[in-house]
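This briefing goes through selected local features of one protein chain. The points are grouped by topic.

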Amino acid sequence: MDSTNPTTAHAPSGASTQGGNTMSVWSDDPNNVPAHLMREGPDWFAISNPNVPQQLKVDLIHTMEHSSVVCCVRFSADGKYLATGCNRSAQIFDVQSGQSVCVLAHDLAGKDDVYIRSVCFSPDGKYLVTGADDKRIRIWELGSKEIRMILEGHEQDIYSLDISRDGKMIVSGSGDQTARVWDMEHGKCLFVLTMGDVDVKDASVTSVAISPDGRLVAGGSLDRTVRVWDSHTGQLLEKLEGHKDSVYSVAFAPDGKTLVSGSLDRTLKSWDLTLLGRGCTCKATFNGHKDFVLSVAVSPDDKWVVSGSKDRGVQFWDPQSAAVQFRLQGHKNSVISVAMSPAGTYFATGSGDTRARVWRYESIQE
């Protein structure tokens, strides 16, 4: 993963763009879209899929300007705050007002660019955990805005973080081809999750997620596969194969029985985890993005999957049919990160255009 050029969302320079890129047949040109399928603002527009019933409408709520590329966005558990990561700092914004309430500047003396690739709130909202290019994980106490603990052990950049819902466990994914499970309270590394038999040059772990019940850890990798481990033993349970290029994002559905992945092959896939350890299957492939899929998330009611892409667009998908509900164009560069609010109603996007945005999605009343 290229950490020197985050505006391309650290996509490998030789990454293939071949794969499941079957395009939907409806128009992306806002000048050729019927009015009832179009929703727009001063610098954004959303086009609904004419081939499916319209169920959602979307509106821009806030735009948060940053001094560099926004590498990551993440809501607090109560949905009241949004954290972002960019060059040398993380910020926290009030979702209702859009105002910055906290800036966590990373002391990186002697280093030019160090990007905060991942941010994650503790469930109680007292801490923010950040992962950066300098191989370190920092646990910030938000009341004092000071670092409570620094977790060291990874040998390459930290690309992704997640925290279990009970707040006891942190999982990190790194360019050193491992994921690690940490004890949140004491900062001890409990397990180093290895990739198993890897016969490719680079199996960096690009994305990690903890299942809602805390028993599973999923990790996406540059080697095109998704791995699932037991968080209590560190045992590798399953390798999910089917993507044709690097996997850049993974997210569990709320019931923990489905995993969604996004890939540089321009597709998303959903995986049935009910047969974990006995051969999980791909339930659906989501086709429609024109370029790398860089981030995926699942709504808290399990009704929608959202994805961000290097094609600068965001798409909402029906996870049952794999059909696109709408396409949103609201950034001038890659959409590197997407997040759904655990409280519903809102989602956020972070982009190479140095902006984070908060959006509202609502059901259309018949």
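A residue counts as buried here when its relative accessible area is under 20%. By that cut-off, 5 of the 5 residues of strand β25 (residues 305–309) are buried, so β25 is largely enclosed by the rest of the structure. The model is predicted.

**Strand β25 and its neighbours**

- Val305, Ser307 and Ser309 point one way from β25, while Val306 and Gly308 point the other way, and all are buried.
- Strand β24 (residues 293–298) runs antiparallel to β25 and is joined to it by 5 bridges.
- Within this pairing, valine 293 has serine 309 of β25 as its bridge partner.
- β24 and β25 form a hairpin with 6 residues between them, and aspartate 302 in the turn has a positive phi of about 65°.
- Strand β26 (residues 313–317) is also antiparallel to β25, with 4 bridges joining the two.
- Here valine 306 has phenylalanine 316 in β26 as its bridge partner.
- The hairpin of β25 and β26 has 3 residues between the strands, and arginine 312 takes a positive phi near 75° in it.

**Aromatic pairs**

- A search of the whole structure finds 8 aromatic pairs.
- Tryptophan 44 and tryptophan 359 form an edge-to-face pair, at 5.5 Å centre to centre and with 85° between the planes.
- This pair links distant parts of the chain: tryptophan 44 is in strand β2 (residues 44–48) and tryptophan 359 in strand β30 (residues 355–363), 315 residues apart.
- Tryptophan 44 and tryptophan 359 are both buried.
- The ring centres of phenylalanine 347 and tryptophan 359 are 6.1 Å apart and their planes are at 10°, so this pair is stacked.
- Phenylalanine 347, like tryptophan 359, is buried.
- Ring pairs link Trp44, Trp304, Phe316, Phe326, Phe347, Trp359 and Tyr361 into a cluster.
- One member of this cluster, Phe316, is the residue in β26 that bridges to valine 306.

**An open sheet of four strands**

- The strands of this open sheet follow the order β4-β5-β6-β7, with antiparallel pairing.
- β4 (72–75) and β7 (100–105) stand at the edges with a single partner strand each, so one side of each has no neighbour in the sheet.
- From one strand to the next, the twist averages 15°.
- β4 pairs with strand β5 (residues 81–86) over 4 bridges in the antiparallel sense.
- Phenylalanine 75 stands opposite leucine 82 in β5.

**Two buried loop residues**

- Cysteine 71 is placed in the loop between β3 (56–65) and β4.
- Its relative accessibility is 5%, so cysteine 71 counts as buried.
- Cysteine 71 and threonine 84 are 13 residues apart in sequence, and their C-alpha atoms are 7.4 Å apart in space.
- Leaving aside residues up to four places away in sequence, cysteine 71 touches Gly85, Tyr115, Ile116, Arg117, Ile336 and Ser337.
- Threonine 225 lies in the loop between β17 (216–221) and β18 (226–230).
- With 6% relative accessibility, threonine 225 counts as buried.
- The side chain of threonine 225 makes a polar contact of 2.7 Å with the side chain of aspartate 223.
- Again leaving aside residues up to four places away in sequence, threonine 225 touches Gly219, Gly220, Leu240, Glu241 and Val247.

- In the model, the span 116–150 is 0% helix and 63% strand, with its end C-alpha atoms 14 Å apart.
- The span 286–318 is 0% helix and 52% strand, and its end C-alpha atoms lie 9 Å apart.

Conventions. Residues are numbered from 1 along each chain as its sequence is written. This is a predicted model: local features need pLDDT of at least 70, side-chain atom pairs count only at pLDDT 80 or more; totals for chains, interfaces and linings use all residues. Side-chain values use heavy atoms; hydrogens and water are left out. Buried means under 20% relative accessible area, exposed over 50%, partly exposed in between (1.4 Å probe, protein chains only). Two strands pair if DSSP finds at least two bridges between them. A polar contact is a pair of N or O atoms within 3.5 Å; within protein, one must be able to donate a hydrogen and the other to accept it, and residues adjacent in sequence count only if both atoms are side-chain atoms. Contact means heavy atoms within 4.5 Å. Rings of Phe, Tyr and Trp (its six-membered ring) pair if their centres lie within 6.5 Å; planes under 30 degrees apart count as stacked, over 60 as edge-to-face and the rest as tilted. Axes are lines fitted to C-alpha atoms, for helices over the stretch in contact, and angles run from 0 to 180 degrees between N-to-C directions.
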